Amino acid sequence: MTEGSSPVADVDAVVVGAGFAGLYLLHRLRQKGFTARGFESGGDVGGTWYWNRYPGCRCDIESVQYSYQFSDELQQEWTWSERYASQPELLAYIEHVADRFDLRRDITFETRVASATFDDDTHLWTIVTTDREGEEETVRSRFFLLGSGVLSTTSIPDFPNRDDFEGDTFHTGRWPHEPVDFSGKRVGVIGTGSSGIQSIPLLAEQAEHLYVFQRTPNYVVPARNRPLTADEVAELKADYAGFRARQWERPSAFLFPFNPDSALSVSDQERFEQFERQWDIGGLPFLGAFGDLLLNAESNRLVTEYWQAKVREVVDDPAIAELLIPKGDIFGGKRLCAGTNYLETYNRSDVTLVDVSGAAEGAAGIEYFTSTGLQAAGQHYELDAVVFATGFDAMTGSVVAMDITGPDGTTIKQQWSNGADTYLGMAVHGFPNLFNTQGPGGPGVFVTMVTGIEHQSDWIVDCMSYMRDSGYTRLEATAEAQENWVNVVDEAAAQSLRPKSDSWYTGANIPGKHQKFMPYIGGFPAYRQHCQASADNDYAGFNLS
Ligand code: NA7
(Lines give C-alpha, C1' and ligand atoms only; values in the text may rest on other atoms or scores of the structure.)
Protein backbone atom coordinates (compact mmCIF):
# COMPACT_ATOMS: atom_id res chain seq x y z
CA MET A 1 0.00 0.00 0.00
CA THR A 2 1.41 3.43 -0.85
CA GLU A 3 0.94 6.29 1.55
CA GLY A 4 -2.39 8.03 1.14
CA SER A 5 -4.06 5.27 -0.83
CA SER A 6 -6.86 3.32 0.79
CA PRO A 7 -5.97 -0.25 1.67
CA VAL A 8 -7.19 -3.00 -0.58
CA ALA A 9 -8.16 -6.48 0.46
CA ASP A 10 -5.49 -9.14 0.14
CA VAL A 11 -8.18 -11.80 0.11
CA ASP A 12 -11.94 -12.13 0.25
CA ALA A 13 -11.83 -14.24 3.37
CA VAL A 14 -9.54 -15.27 6.17
CA VAL A 15 -10.54 -18.61 7.64
CA VAL A 16 -9.41 -19.60 11.14
CA GLY A 17 -8.83 -23.30 11.70
CA ALA A 18 -8.18 -26.30 9.48
CA GLY A 19 -10.52 -28.80 11.05
CA PHE A 20 -13.74 -29.96 9.47
CA ALA A 21 -15.15 -26.42 9.39
CA GLY A 22 -12.13 -24.54 8.13
CA LEU A 23 -11.42 -27.06 5.38
CA TYR A 24 -14.96 -27.07 4.06
CA LEU A 25 -15.16 -23.27 4.18
CA LEU A 26 -11.98 -23.05 2.10
CA HIS A 27 -13.32 -25.55 -0.41
CA ARG A 28 -16.67 -23.80 -0.70
CA LEU A 29 -15.07 -20.36 -1.03
CA ARG A 30 -12.86 -21.59 -3.83
CA GLN A 31 -15.81 -23.18 -5.60
CA LYS A 32 -17.64 -19.85 -5.53
CA GLY A 33 -14.67 -17.91 -6.84
CA PHE A 34 -13.56 -16.25 -3.61
CA THR A 35 -9.93 -15.93 -2.63
CA ALA A 36 -9.08 -17.09 0.88
CA ARG A 37 -6.30 -17.79 3.31
CA GLY A 38 -6.54 -20.23 6.15
CA PHE A 39 -4.56 -20.06 9.40
CA GLU A 40 -4.12 -23.03 11.68
CA SER A 41 -2.16 -23.24 14.92
CA GLY A 42 -1.53 -26.96 14.47
CA GLY A 43 1.12 -28.41 12.22
CA ASP A 44 -1.40 -29.90 9.80
CA VAL A 45 -5.10 -30.28 9.08
CA GLY A 46 -7.46 -32.10 11.43
CA GLY A 47 -8.55 -29.73 14.20
CA THR A 48 -9.98 -31.78 17.06
CA TRP A 49 -8.62 -34.95 15.47
CA TYR A 50 -5.16 -33.45 15.10
CA TRP A 51 -4.91 -32.52 18.79
CA ASN A 52 -6.82 -35.27 20.58
CA ARG A 53 -4.58 -38.31 20.18
CA TYR A 54 -5.03 -39.87 23.59
CA PRO A 55 -5.46 -43.65 23.84
CA GLY A 56 -9.02 -44.66 23.01
CA CYS A 57 -9.91 -41.39 21.31
CA ARG A 58 -12.73 -41.88 18.85
CA CYS A 59 -15.91 -40.23 17.68
CA ASP A 60 -19.15 -40.96 19.54
CA ILE A 61 -21.23 -40.38 16.40
CA GLU A 62 -21.24 -43.05 13.71
CA SER A 63 -18.58 -42.32 11.12
CA VAL A 64 -20.83 -42.84 8.12
CA GLN A 65 -22.81 -39.89 9.47
CA TYR A 66 -19.93 -37.90 10.93
CA SER A 67 -18.36 -37.25 7.53
CA TYR A 68 -18.70 -34.84 4.62
CA GLN A 69 -21.53 -35.21 2.15
CA PHE A 70 -20.74 -32.40 -0.32
CA SER A 71 -19.03 -34.76 -2.75
CA ASP A 72 -20.54 -38.05 -3.75
CA GLU A 73 -17.20 -39.14 -5.22
CA LEU A 74 -15.64 -38.64 -1.81
CA GLN A 75 -18.43 -40.60 -0.15
CA GLN A 76 -18.04 -43.43 -2.62
CA GLU A 77 -14.27 -43.70 -2.51
CA TRP A 78 -13.88 -43.53 1.27
CA THR A 79 -14.77 -46.60 3.34
CA TRP A 80 -15.10 -46.38 7.11
CA SER A 81 -13.85 -49.48 8.83
CA GLU A 82 -15.71 -49.18 12.14
CA ARG A 83 -19.01 -47.99 13.46
CA TYR A 84 -17.22 -45.26 15.44
CA ALA A 85 -13.99 -44.20 13.77
CA SER A 86 -10.86 -43.98 15.87
CA GLN A 87 -8.86 -40.76 15.93
CA PRO A 88 -6.20 -42.11 13.50
CA GLU A 89 -8.87 -43.07 10.97
CA LEU A 90 -10.63 -39.71 11.31
CA LEU A 91 -7.34 -37.90 10.86
CA ALA A 92 -6.52 -40.01 7.80
CA TYR A 93 -9.93 -39.09 6.37
CA ILE A 94 -9.42 -35.36 6.91
CA GLU A 95 -5.94 -35.57 5.41
CA HIS A 96 -7.40 -37.39 2.42
CA VAL A 97 -9.99 -34.61 1.97
CA ALA A 98 -7.27 -31.95 2.18
CA ASP A 99 -5.23 -33.78 -0.50
CA ARG A 100 -8.13 -34.62 -2.76
CA PHE A 101 -9.37 -31.05 -2.89
CA ASP A 102 -5.89 -29.54 -2.73
CA LEU A 103 -6.77 -27.43 0.30
CA ARG A 104 -3.40 -27.20 2.03
CA ARG A 105 -2.10 -24.68 -0.50
CA ASP A 106 -4.36 -22.00 1.03
CA ILE A 107 -3.42 -22.76 4.64
CA THR A 108 -0.57 -21.42 6.74
CA PHE A 109 0.13 -23.88 9.55
CA GLU A 110 1.65 -23.36 12.99
CA THR A 111 0.24 -19.88 12.89
CA ARG A 112 -2.37 -18.30 15.12
CA VAL A 113 -4.62 -15.36 14.49
CA ALA A 114 -3.64 -12.95 17.23
CA SER A 115 -5.95 -10.08 16.41
CA ALA A 116 -8.56 -8.90 13.95
CA THR A 117 -9.82 -5.34 13.72
CA PHE A 118 -12.63 -4.09 11.52
CA ASP A 119 -12.15 -0.77 9.77
CA ASP A 120 -15.46 0.94 9.08
CA ASP A 121 -14.02 3.21 6.35
CA THR A 122 -12.81 0.39 4.15
CA HIS A 123 -15.10 -2.40 5.39
CA LEU A 124 -12.06 -4.60 5.77
CA TRP A 125 -10.72 -6.74 8.59
CA THR A 126 -7.05 -6.27 9.41
CA ILE A 127 -5.87 -9.61 10.69
CA VAL A 128 -2.54 -10.09 12.43
CA THR A 129 -1.12 -13.58 12.73
CA THR A 130 1.81 -14.93 14.73
CA ASP A 131 3.78 -18.01 13.78
CA ARG A 132 5.75 -20.35 16.02
CA GLU A 133 8.82 -18.13 15.87
CA GLY A 134 6.76 -15.08 16.81
CA GLU A 135 6.90 -13.65 13.28
CA GLU A 136 3.86 -11.50 12.52
CA GLU A 137 1.96 -11.15 9.28
CA THR A 138 -0.86 -8.74 8.47
CA VAL A 139 -3.63 -9.69 6.07
CA ARG A 140 -6.54 -7.51 4.97
CA SER A 141 -9.69 -9.39 4.26
CA ARG A 142 -13.31 -8.62 3.43
CA PHE A 143 -14.63 -11.40 5.63
CA PHE A 144 -13.41 -13.08 8.77
CA LEU A 145 -14.65 -16.66 9.07
CA LEU A 146 -14.15 -18.72 12.20
CA GLY A 147 -13.80 -22.46 12.27
CA SER A 148 -11.72 -22.36 15.40
CA GLY A 149 -13.46 -25.20 17.18
CA VAL A 150 -16.09 -25.83 19.81
CA LEU A 151 -13.80 -27.93 21.99
CA SER A 152 -10.32 -26.70 21.16
CA THR A 153 -9.25 -24.41 23.99
CA THR A 154 -8.00 -26.80 26.65
CA SER A 155 -8.59 -26.16 30.30
CA ILE A 156 -6.36 -27.24 33.17
CA PRO A 157 -7.58 -26.14 36.59
CA ASP A 158 -5.23 -24.02 38.58
CA PHE A 159 -4.28 -26.67 41.14
CA PRO A 160 -1.90 -25.32 43.80
CA ASN A 161 1.78 -26.09 43.10
CA ARG A 162 0.95 -27.79 39.81
CA ASP A 163 4.34 -26.88 38.37
CA ASP A 164 6.16 -28.55 41.27
CA PHE A 165 5.29 -31.97 39.89
CA GLU A 166 8.40 -33.52 38.33
CA GLY A 167 6.70 -36.38 36.51
CA ASP A 168 5.21 -36.23 33.02
CA THR A 169 1.97 -34.34 32.45
CA PHE A 170 -0.44 -34.55 29.53
CA HIS A 171 -3.75 -33.00 28.54
CA THR A 172 -5.98 -35.30 26.50
CA GLY A 173 -6.68 -32.43 24.10
CA ARG A 174 -2.94 -31.76 23.45
CA TRP A 175 -1.62 -35.30 23.27
CA PRO A 176 1.95 -35.84 21.95
CA HIS A 177 2.39 -37.15 18.41
CA GLU A 178 4.86 -39.80 19.56
CA PRO A 179 3.47 -42.86 21.35
CA VAL A 180 3.50 -42.53 25.13
CA ASP A 181 4.42 -45.63 27.10
CA PHE A 182 2.94 -45.83 30.58
CA SER A 183 4.20 -49.35 31.28
CA GLY A 184 5.48 -49.74 34.81
CA LYS A 185 4.24 -46.27 35.76
CA ARG A 186 1.91 -44.99 38.43
CA VAL A 187 -0.49 -42.81 36.47
CA GLY A 188 -3.09 -40.37 37.73
CA VAL A 189 -6.03 -39.29 35.57
CA ILE A 190 -7.96 -36.20 36.59
CA GLY A 191 -11.38 -35.96 34.96
CA THR A 192 -14.08 -38.43 34.07
CA GLY A 193 -15.81 -36.74 31.13
CA SER A 194 -15.82 -38.27 27.68
CA SER A 195 -12.02 -38.04 27.27
CA GLY A 196 -11.36 -39.66 30.65
CA ILE A 197 -13.94 -42.34 30.01
CA GLN A 198 -12.41 -43.23 26.63
CA SER A 199 -8.81 -43.23 27.83
CA ILE A 200 -9.07 -44.76 31.34
CA PRO A 201 -9.59 -48.42 30.23
CA LEU A 202 -6.55 -48.26 27.91
CA LEU A 203 -4.36 -46.40 30.38
CA ALA A 204 -5.29 -49.03 32.98
CA GLU A 205 -4.08 -51.79 30.64
CA GLN A 206 -0.66 -50.14 30.40
CA ALA A 207 0.01 -48.52 33.74
CA GLU A 208 1.42 -50.32 36.72
CA HIS A 209 -1.31 -48.65 38.73
CA LEU A 210 -3.96 -46.17 37.62
CA TYR A 211 -5.49 -43.64 40.01
CA VAL A 212 -8.65 -41.98 38.72
CA PHE A 213 -9.41 -38.72 40.51
CA GLN A 214 -13.13 -38.23 40.07
CA ARG A 215 -14.91 -35.05 41.11
CA THR A 216 -18.24 -35.85 39.45
CA PRO A 217 -19.26 -39.21 38.01
CA ASN A 218 -20.77 -39.25 34.54
CA TYR A 219 -23.47 -41.26 32.86
CA VAL A 220 -21.83 -43.70 30.48
CA VAL A 221 -23.38 -46.29 28.20
CA PRO A 222 -21.56 -49.02 26.27
CA ALA A 223 -20.43 -47.70 22.87
CA ARG A 224 -20.64 -51.12 21.21
CA ASN A 225 -18.16 -50.18 18.58
CA ARG A 226 -17.59 -52.86 15.94
CA PRO A 227 -16.25 -53.25 12.41
CA LEU A 228 -18.68 -52.33 9.64
CA THR A 229 -19.52 -55.27 7.41
CA ALA A 230 -19.00 -55.21 3.65
CA ASP A 231 -22.76 -55.57 3.20
CA GLU A 232 -23.49 -52.57 5.41
CA VAL A 233 -21.01 -50.45 3.47
CA ALA A 234 -22.39 -51.60 0.11
CA GLU A 235 -25.95 -50.87 1.16
CA LEU A 236 -24.99 -47.42 2.36
CA LYS A 237 -23.06 -46.57 -0.79
CA ALA A 238 -25.94 -47.72 -2.99
CA ASP A 239 -28.05 -44.92 -1.57
CA TYR A 240 -25.88 -42.45 0.30
CA ALA A 241 -28.09 -39.60 -0.93
CA GLY A 242 -31.23 -41.16 0.54
CA PHE A 243 -29.38 -41.83 3.79
CA ARG A 244 -28.23 -38.20 3.99
CA ALA A 245 -31.73 -36.93 3.20
CA ARG A 246 -33.12 -38.94 6.10
CA GLN A 247 -30.29 -37.70 8.31
CA TRP A 248 -31.21 -34.08 7.50
CA GLU A 249 -34.76 -34.57 8.73
CA ARG A 250 -33.73 -35.69 12.21
CA PRO A 251 -33.49 -33.02 14.95
CA SER A 252 -29.86 -34.00 15.57
CA ALA A 253 -29.05 -34.79 11.92
CA PHE A 254 -28.16 -38.20 13.34
CA LEU A 255 -30.03 -41.34 12.32
CA PHE A 256 -30.60 -43.89 15.04
CA PRO A 257 -33.51 -45.97 16.26
CA PHE A 258 -35.79 -43.44 17.93
CA ASN A 259 -39.02 -44.18 19.73
CA PRO A 260 -41.12 -41.01 20.04
CA ASP A 261 -43.40 -42.42 22.79
CA SER A 262 -43.27 -41.28 26.37
CA ALA A 263 -41.52 -43.52 28.88
CA LEU A 264 -44.65 -43.09 30.98
CA SER A 265 -46.96 -44.52 28.33
CA VAL A 266 -45.94 -48.15 28.76
CA SER A 267 -45.90 -50.78 31.50
CA ASP A 268 -42.80 -51.26 33.67
CA GLN A 269 -41.97 -54.45 31.79
CA GLU A 270 -42.34 -52.85 28.34
CA ARG A 271 -40.23 -49.92 29.43
CA PHE A 272 -37.50 -52.23 30.71
CA GLU A 273 -37.52 -54.20 27.45
CA GLN A 274 -37.28 -51.01 25.41
CA PHE A 275 -34.34 -49.77 27.51
CA GLU A 276 -32.69 -53.18 27.04
CA ARG A 277 -33.09 -53.02 23.25
CA GLN A 278 -31.58 -49.56 23.12
CA TRP A 279 -28.82 -50.53 25.59
CA ASP A 280 -27.86 -53.35 23.25
CA ILE A 281 -27.63 -50.93 20.32
CA GLY A 282 -25.24 -48.88 22.45
CA GLY A 283 -23.82 -45.39 22.28
CA LEU A 284 -25.76 -42.12 22.23
CA PRO A 285 -28.77 -43.80 20.52
CA PHE A 286 -29.61 -45.09 23.99
CA LEU A 287 -31.28 -41.70 24.48
CA GLY A 288 -33.71 -42.62 21.69
CA ALA A 289 -35.38 -45.26 23.87
CA PHE A 290 -38.23 -42.85 24.55
CA GLY A 291 -39.07 -39.44 23.14
CA ASP A 292 -39.35 -37.64 26.47
CA LEU A 293 -36.28 -38.75 28.41
CA LEU A 294 -34.91 -35.23 28.29
CA LEU A 295 -38.25 -33.47 28.45
CA ASN A 296 -40.01 -35.04 31.39
CA ALA A 297 -38.42 -35.29 34.85
CA GLU A 298 -40.26 -38.51 35.71
CA SER A 299 -39.15 -40.20 32.47
CA ASN A 300 -35.64 -39.05 33.20
CA ARG A 301 -35.85 -40.52 36.69
CA LEU A 302 -36.92 -43.87 35.21
CA VAL A 303 -34.01 -44.05 32.79
CA THR A 304 -31.66 -43.04 35.61
CA GLU A 305 -33.00 -45.88 37.73
CA TYR A 306 -32.47 -48.37 34.88
CA TRP A 307 -28.93 -47.11 34.38
CA GLN A 308 -28.05 -47.27 38.07
CA ALA A 309 -29.06 -50.94 38.16
CA LYS A 310 -26.66 -51.57 35.25
CA VAL A 311 -23.79 -49.96 37.14
CA ARG A 312 -24.47 -52.05 40.22
CA GLU A 313 -24.57 -55.16 38.02
CA VAL A 314 -21.25 -54.44 36.31
CA VAL A 315 -19.14 -53.05 39.16
CA ASP A 316 -18.14 -55.69 41.71
CA ASP A 317 -17.49 -53.45 44.72
CA PRO A 318 -20.79 -51.86 45.86
CA ALA A 319 -18.99 -48.86 47.36
CA ILE A 320 -17.20 -48.16 44.04
CA ALA A 321 -20.47 -48.61 42.15
CA GLU A 322 -22.12 -45.95 44.35
CA LEU A 323 -19.21 -43.58 43.70
CA LEU A 324 -19.71 -44.03 39.94
CA ILE A 325 -23.36 -43.00 40.14
CA PRO A 326 -24.08 -39.27 39.69
CA LYS A 327 -26.00 -37.79 42.58
CA GLY A 328 -29.16 -36.10 41.42
CA ASP A 329 -27.95 -35.08 37.96
CA ILE A 330 -30.20 -35.26 34.89
CA PHE A 331 -29.49 -38.36 32.78
CA GLY A 332 -28.10 -36.95 29.50
CA GLY A 333 -27.99 -33.38 30.85
CA LYS A 334 -24.26 -33.38 30.30
CA ARG A 335 -23.28 -35.00 27.04
CA LEU A 336 -23.87 -38.71 27.48
CA CYS A 337 -20.60 -40.64 27.35
CA ALA A 338 -20.08 -43.75 25.25
CA GLY A 339 -17.48 -46.06 26.76
CA THR A 340 -15.82 -49.36 26.12
CA ASN A 341 -15.03 -51.38 29.26
CA TYR A 342 -15.23 -48.20 31.30
CA LEU A 343 -17.20 -49.41 34.31
CA GLU A 344 -15.54 -52.83 34.08
CA THR A 345 -12.14 -51.17 34.51
CA TYR A 346 -12.99 -50.43 38.15
CA ASN A 347 -13.04 -54.18 38.81
CA ARG A 348 -9.28 -54.30 38.22
CA SER A 349 -7.04 -54.52 41.28
CA ASP A 350 -4.56 -52.09 39.67
CA VAL A 351 -7.13 -49.28 39.36
CA THR A 352 -8.12 -47.02 42.26
CA LEU A 353 -11.04 -44.61 42.09
CA VAL A 354 -10.38 -41.61 44.30
CA ASP A 355 -13.35 -39.45 45.24
CA VAL A 356 -12.25 -35.84 44.95
CA SER A 357 -15.75 -34.41 45.10
CA GLY A 358 -15.01 -33.07 48.54
CA ALA A 359 -18.16 -34.84 49.69
CA ALA A 360 -16.48 -37.19 52.16
CA GLU A 361 -16.02 -35.78 55.62
CA GLY A 362 -12.77 -33.87 55.97
CA ALA A 363 -11.91 -34.26 52.28
CA ALA A 364 -11.10 -31.31 50.08
CA GLY A 365 -10.84 -32.58 46.52
CA ILE A 366 -7.45 -32.21 44.86
CA GLU A 367 -5.58 -30.14 47.39
CA TYR A 368 -2.16 -29.52 45.86
CA PHE A 369 0.59 -31.04 43.76
CA THR A 370 3.99 -32.04 45.08
CA SER A 371 7.20 -32.95 43.22
CA THR A 372 6.26 -36.63 43.39
CA GLY A 373 2.49 -36.64 43.08
CA LEU A 374 -0.53 -34.96 44.50
CA GLN A 375 -2.45 -34.60 47.72
CA ALA A 376 -6.13 -35.40 47.35
CA ALA A 377 -8.93 -36.13 49.77
CA GLY A 378 -6.51 -36.05 52.67
CA GLN A 379 -3.97 -38.49 51.23
CA HIS A 380 -0.79 -38.24 49.18
CA TYR A 381 -0.60 -40.19 45.90
CA GLU A 382 2.85 -40.93 44.49
CA LEU A 383 2.67 -40.62 40.69
CA ASP A 384 5.01 -40.87 37.70
CA ALA A 385 2.59 -39.21 35.29
CA VAL A 386 -0.61 -37.18 35.40
CA VAL A 387 -3.18 -37.06 32.60
CA PHE A 388 -5.45 -34.03 32.69
CA ALA A 389 -8.75 -35.04 31.10
CA THR A 390 -10.16 -31.78 32.37
CA GLY A 391 -11.92 -30.52 29.27
CA PHE A 392 -12.18 -27.29 27.36
CA ASP A 393 -13.36 -23.72 27.51
CA ALA A 394 -16.09 -24.80 25.14
CA MET A 395 -17.90 -22.91 22.41
CA THR A 396 -16.48 -19.45 23.15
CA GLY A 397 -12.89 -20.15 24.28
CA SER A 398 -11.26 -20.26 20.87
CA VAL A 399 -13.09 -17.12 19.71
CA VAL A 400 -12.34 -14.89 22.69
CA ALA A 401 -8.71 -16.05 22.63
CA MET A 402 -8.33 -13.88 19.53
CA ASP A 403 -8.34 -10.13 20.02
CA ILE A 404 -11.33 -9.44 17.75
CA THR A 405 -12.30 -5.77 17.74
CA GLY A 406 -15.42 -4.31 16.15
CA PRO A 407 -15.73 -0.79 14.67
CA ASP A 408 -16.67 0.80 18.01
CA GLY A 409 -13.55 -0.55 19.72
CA THR A 410 -15.32 -3.29 21.67
CA THR A 411 -13.73 -6.72 21.62
CA ILE A 412 -15.79 -9.86 21.25
CA LYS A 413 -14.36 -10.99 24.59
CA GLN A 414 -15.78 -7.91 26.28
CA GLN A 415 -19.09 -8.25 24.49
CA TRP A 416 -19.47 -11.93 25.38
CA SER A 417 -18.46 -11.51 29.02
CA ASN A 418 -22.15 -11.19 29.88
CA GLY A 419 -23.35 -13.88 27.52
CA ALA A 420 -22.35 -15.07 24.06
CA ASP A 421 -25.30 -13.62 22.15
CA THR A 422 -25.39 -14.21 18.41
CA TYR A 423 -27.73 -14.03 15.46
CA LEU A 424 -28.43 -17.50 14.03
CA GLY A 425 -25.35 -18.73 15.87
CA MET A 426 -23.15 -17.34 13.10
CA ALA A 427 -23.15 -13.54 13.32
CA VAL A 428 -22.61 -11.09 16.16
CA HIS A 429 -24.03 -7.58 16.34
CA GLY A 430 -21.14 -5.12 16.48
CA PHE A 431 -18.86 -7.35 14.40
CA PRO A 432 -19.58 -6.83 10.70
CA ASN A 433 -18.49 -9.30 8.01
CA LEU A 434 -17.67 -11.93 10.64
CA PHE A 435 -19.19 -15.39 10.68
CA ASN A 436 -18.63 -18.09 13.26
CA THR A 437 -19.35 -21.79 12.79
CA GLN A 438 -20.75 -24.18 15.41
CA GLY A 439 -20.66 -21.44 18.01
CA PRO A 440 -23.06 -20.31 20.73
CA GLY A 441 -26.62 -19.84 19.54
CA GLY A 442 -26.09 -22.43 16.81
CA PRO A 443 -26.99 -26.11 16.92
CA GLY A 444 -23.29 -27.01 17.32
CA VAL A 445 -22.79 -30.30 19.08
CA PHE A 446 -26.52 -31.04 19.06
CA VAL A 447 -26.39 -31.90 15.39
CA THR A 448 -23.89 -34.20 13.73
CA MET A 449 -20.96 -31.78 13.65
CA VAL A 450 -19.84 -32.28 10.08
CA THR A 451 -23.39 -31.97 8.75
CA GLY A 452 -23.98 -28.81 10.75
CA ILE A 453 -20.68 -27.41 9.52
CA GLU A 454 -21.56 -28.01 5.88
CA HIS A 455 -24.95 -26.38 6.32
CA GLN A 456 -23.57 -23.27 8.03
CA SER A 457 -20.63 -22.96 5.63
CA ASP A 458 -22.93 -23.18 2.60
CA TRP A 459 -25.17 -20.51 4.12
CA ILE A 460 -22.22 -18.23 4.88
CA VAL A 461 -20.65 -18.51 1.42
CA ASP A 462 -24.07 -18.07 -0.23
CA CYS A 463 -24.49 -14.89 1.81
CA MET A 464 -21.09 -13.64 0.65
CA SER A 465 -22.07 -14.40 -2.97
CA TYR A 466 -25.30 -12.48 -2.51
CA MET A 467 -23.35 -9.48 -1.21
CA ARG A 468 -20.89 -9.65 -4.09
CA ASP A 469 -23.71 -9.87 -6.63
CA SER A 470 -25.61 -7.01 -4.99
CA GLY A 471 -22.61 -4.73 -4.52
CA TYR A 472 -22.70 -4.79 -0.72
CA THR A 473 -19.45 -4.62 1.22
CA ARG A 474 -20.70 -4.54 4.80
CA LEU A 475 -23.11 -6.76 6.67
CA GLU A 476 -23.97 -6.66 10.35
CA ALA A 477 -26.61 -8.46 12.37
CA THR A 478 -29.04 -5.94 13.86
CA ALA A 479 -29.36 -5.69 17.63
CA GLU A 480 -33.06 -6.46 17.32
CA ALA A 481 -32.56 -9.61 15.21
CA GLN A 482 -29.93 -10.81 17.64
CA GLU A 483 -32.20 -10.22 20.64
CA ASN A 484 -35.03 -12.10 18.93
CA TRP A 485 -32.72 -14.99 18.09
CA VAL A 486 -31.47 -15.19 21.67
CA ASN A 487 -35.11 -15.54 22.73
CA VAL A 488 -35.60 -18.37 20.21
CA VAL A 489 -32.51 -20.11 21.61
CA ASP A 490 -33.68 -19.62 25.21
CA GLU A 491 -37.20 -20.85 24.46
CA ALA A 492 -35.84 -24.03 22.88
CA ALA A 493 -33.58 -24.60 25.90
CA ALA A 494 -36.50 -24.09 28.27
CA GLN A 495 -38.26 -27.12 26.75
CA SER A 496 -35.43 -29.41 27.77
CA LEU A 497 -34.07 -30.73 31.05
CA ARG A 498 -30.49 -30.34 29.78
CA PRO A 499 -29.89 -26.77 31.05
CA LYS A 500 -30.48 -28.05 34.59
CA SER A 501 -27.10 -29.83 34.48
CA ASP A 502 -23.85 -27.98 35.09
CA SER A 503 -21.86 -28.74 31.96
CA TRP A 504 -19.65 -27.20 29.33
CA TYR A 505 -22.87 -26.38 27.44
CA THR A 506 -23.60 -23.85 30.19
CA GLY A 507 -20.02 -22.72 30.83
CA ALA A 508 -20.16 -24.18 34.35
CA ASN A 509 -16.86 -26.03 33.90
CA ILE A 510 -14.84 -22.81 33.62
CA PRO A 511 -14.54 -20.75 36.83
CA GLY A 512 -15.82 -17.21 36.31
CA LYS A 513 -17.37 -17.87 32.90
CA HIS A 514 -20.82 -16.40 32.28
CA GLN A 515 -23.26 -19.24 32.74
CA LYS A 516 -26.01 -19.88 30.29
CA PHE A 517 -27.02 -22.81 28.13
CA MET A 518 -25.36 -21.79 24.86
CA PRO A 519 -26.42 -24.13 22.02
CA TYR A 520 -29.66 -23.88 20.04
CA ILE A 521 -31.54 -27.13 20.68
CA GLY A 522 -34.67 -26.54 18.62
CA GLY A 523 -33.48 -29.16 16.11
CA PHE A 524 -31.68 -29.11 12.79
CA PRO A 525 -34.78 -28.84 10.54
CA ALA A 526 -36.09 -25.85 12.51
CA TYR A 527 -32.65 -24.25 12.52
CA ARG A 528 -32.34 -24.62 8.76
CA GLN A 529 -35.73 -22.99 8.33
CA HIS A 530 -34.65 -19.98 10.38
CA CYS A 531 -31.48 -19.60 8.30
CA GLN A 532 -33.35 -20.09 5.05
CA ALA A 533 -36.01 -17.54 6.01
CA SER A 534 -33.32 -14.91 6.53
CA ALA A 535 -31.65 -15.73 3.17
CA ASP A 536 -34.98 -15.78 1.31
CA ASN A 537 -35.75 -12.30 2.59
CA ASP A 538 -32.55 -10.63 1.42
CA TYR A 539 -30.77 -11.69 4.58
CA ALA A 540 -33.36 -10.41 7.00
CA GLY A 541 -31.91 -9.54 10.37
CA PHE A 542 -28.81 -7.97 8.84
CA ASN A 543 -28.03 -4.38 7.88
CA LEU A 544 -26.39 -4.44 4.46
CA SER A 545 -24.61 -1.48 2.94
P1 NA7 B 1 -15.42 -32.66 30.09
O2 NA7 B 1 -16.60 -33.44 29.69
O3 NA7 B 1 -15.59 -31.20 30.36
O4 NA7 B 1 -14.83 -33.37 31.41
C5 NA7 B 1 -13.85 -32.76 32.19
C6 NA7 B 1 -13.65 -33.57 33.44
O7 NA7 B 1 -12.64 -32.94 34.24
C8 NA7 B 1 -14.89 -33.66 34.32
O9 NA7 B 1 -14.99 -34.93 34.86
C10 NA7 B 1 -14.60 -32.62 35.40
O11 NA7 B 1 -15.27 -32.83 36.60
C12 NA7 B 1 -13.11 -32.81 35.57
N13 NA7 B 1 -12.54 -31.65 36.25
C14 NA7 B 1 -12.50 -30.38 35.80
N15 NA7 B 1 -11.96 -29.60 36.74
C16 NA7 B 1 -11.64 -30.39 37.79
C17 NA7 B 1 -11.05 -30.16 39.05
N18 NA7 B 1 -10.68 -28.93 39.42
N19 NA7 B 1 -10.88 -31.21 39.90
C20 NA7 B 1 -11.26 -32.43 39.52
N21 NA7 B 1 -11.83 -32.72 38.32
C22 NA7 B 1 -12.01 -31.70 37.47
O23 NA7 B 1 -14.23 -32.78 29.05
P24 NA7 B 1 -13.89 -34.00 28.06
O25 NA7 B 1 -12.62 -33.65 27.37
O26 NA7 B 1 -13.95 -35.28 28.77
O27 NA7 B 1 -15.07 -34.02 27.02
C28 NA7 B 1 -15.48 -32.84 26.33
C29 NA7 B 1 -16.34 -33.22 25.15
O30 NA7 B 1 -15.49 -33.73 24.10
C31 NA7 B 1 -17.34 -34.30 25.35
O32 NA7 B 1 -18.53 -33.88 25.95
C33 NA7 B 1 -17.58 -34.82 23.94
O34 NA7 B 1 -18.49 -34.00 23.26
C35 NA7 B 1 -16.22 -34.66 23.30
P36 NA7 B 1 -16.64 -31.98 36.93
O37 NA7 B 1 -17.70 -32.67 36.13
O38 NA7 B 1 -16.39 -30.57 36.46
O39 NA7 B 1 -16.80 -32.08 38.38
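Me: How far does a polar side-chain atom of Trp504 lie from an oxygen atom of the ligand?
Reply: In this predicted model, a pair of N or O atoms counts as a polar contact when the two are within 3.5 Å. The polar side-chain atom of Trp504 and the ligand oxygen atom are set apart by 2.9 Å.

Me: Which residues around the ligand are the closest?
Reply: The shell around the ligand is made up of seven nonpolar, eight polar and three charged residues. Of the 18 residues that surround the ligand, the closest are Thr192, Ser195, Arg215, Thr216 and Arg335.

Me: Which helix gives the most residues to the lining of the second largest pocket?
Reply: This pocket has a volume of about 440 Å³, and among its 19 lining residues those closest to its centre are Glu62, Val64, Glu232, Leu236 and Phe243. Helix H6 (230-238) and helix H7 (240-249) each supply at least two residues of the lining. The helix that gives the most, with four residues, is H6.

Me: Why does the second largest pocket lie between two domains, and which are they?
Reply: The lining consists of ten nonpolar, two polar and seven charged residues. Because both domains give residues to this lining, the pocket lies between domain 1 (11-153 + 393-544) and domain 2 (162-230 + 255-388).

Note on methods:
Residues are numbered from 1 along each chain as its sequence is written. This is a predicted model: local features need pLDDT of at least 70, side-chain atom pairs count only at pLDDT 80 or more; totals for chains, interfaces and linings use all residues. Side-chain values use heavy atoms; hydrogens and water are left out. A residue is near a molecule or strand if one of its heavy atoms lies within 4 Å of it. A polar contact is a pair of N or O atoms within 3.5 Å; within protein, one must be able to donate a hydrogen and the other to accept it, and residues adjacent in sequence count only if both atoms are side-chain atoms. Ala, Val, Leu, Ile, Met, Phe, Trp, Tyr, Cys and Pro count as nonpolar, Asp, Glu, Lys and Arg as charged, and the others, Gly among them, as polar. On a 1 Å grid over the protein atoms alone, a cavity is a set of points where a 1.4 Å probe fits but cannot get out, and a pocket is an open set with protein on both sides within 12 Å along at least five of seven lines; lining residues have an atom within 4 Å of a point. Grid points are joined across faces, edges and corners, and a volume is the space filled by probe spheres set on the points. Domain bounds come from an automatic or database domain assignment.
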